[in-house]
Amino acid sequence: MRTLLSQIYERQDRSCLGLDPELFQPTPDDLGGAALAVWWCEQCPVLMLCRDWALTHVESGVWGGLTEQARAALLRSRRPRARCPGCKGWKITHSGVNQICLSCGVSWRAQRRATPEQPAAAVA
Ligand code: SF4
Ligand SMILES: [Zn+2]
């Protein structure tokens with residue numbers, strides 16, 4: 001079975017084909033380098049396939065037109081927001097490790113989320 005990654009690498013029309021792979025690995029403070037890599041991706045017909053891969057796998061560098069930071073922000077924005085277990089309201093604030101409902105005053109201990117570096121199975 002062909003993986004998503006092999007489908008990307010097999011594409012002869014991808015923009016990064018033949019380019020120095022280091023171009024897509026800018027250091028965090030190299031904003032010009034990141035912008036150049038993103039520009040190449042934006043010309044690429046494989047962009048969405050590549051982005052899907054990068055969002056579901058832990059990869060460093062620019063993939064699918066997104067830097068690591070941009071991918072992390074996109075994944076954070078897709079996470080479901082916390083709801084109050086009492087009144088099911090959305091107005092939640094934090095106090096230390098607790099979350100507090102601003103509508104009904106119920107508080108509860110916040111759930112820790114899994115991160116790529118710390119898989120769900122390892123979260124207490
Ligand atoms: S989107 Fe960017 S990293 Fe992905 S295949 Fe295209 S040029 Fe390469
Ligand atoms: Zn509530």
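I started at Cys-41 and listed its contacts, leaving out residues up to four places away in sequence. Cys-41 touches Ser-15, Leu-47, Val-62, Gly-64 and Gly-65. A contact here means C-beta atoms, placed from the backbone, within 7 Å of each other.

I noted the ground rules next: this is a predicted model, in which local features need pLDDT of at least 70 and side-chain atom pairs count only at pLDDT 80 or more, while totals for chains, interfaces and linings use all residues. Residues are numbered from 1 along each chain as its sequence is written, and chains are lettered from A and ligands numbered from 1 in the order in which they are written.

Then I looked up the core. Cys-41 belongs to the largest nonpolar core, which has 11 residues. Its other members include Cys-16, Phe-24, Cys-50, Trp-63 and Leu-66. Such a core is a set of buried Ala, Val, Leu, Ile, Met, Phe, Trp, Tyr and Cys residues joined through C-beta atoms within 7 Å. Buried means 20 or more other C-beta atoms within 10 Å of a residue's own, exposed means 12 or fewer, and partly exposed is in between. Two elements, α2 (31-42) and α3 (47-56), each give two or more residues to this core. α2 gives the most, with 3 residues.

Which residues come nearest to ligand 1? I found Ser-15, Cys-16, Cys-41, Cys-44 and Cys-50, out of 14 around it. To be near, a residue needs its C-beta atom, placed from the backbone, within 6 Å of the molecule. α2 and α3 again give two or more residues, this time to the shell around ligand 1.

I moved on to Leu-23, in the loop between α1 (4-10) and α2. Leu-23 is partly exposed, with 14 other C-beta atoms within 10 Å. Beyond its neighbours within four places in sequence, Leu-23 is in contact with Leu-36 and Ala-37. Its C-alpha atom is 7.0 Å from that of Gly-33, 10 residues apart along the chain.

Most residues other than glycine have a negative phi. Lys-88 is in the loop between α4 (68-78) and β1 (92-95). Is Lys-88 buried or exposed? Lys-88 is exposed, with 10 other C-beta atoms within 10 Å.

Last, the whole chain. I counted 4 helices and 3 strands, taken as DSSP runs numbered from the N terminus (helices H or I, at least four residues; strands E, at least two). Buried residues make up 15% of the 124.

Note on methods. Two residues are in contact if their C-beta atoms, placed from the backbone, lie within 7 Å.
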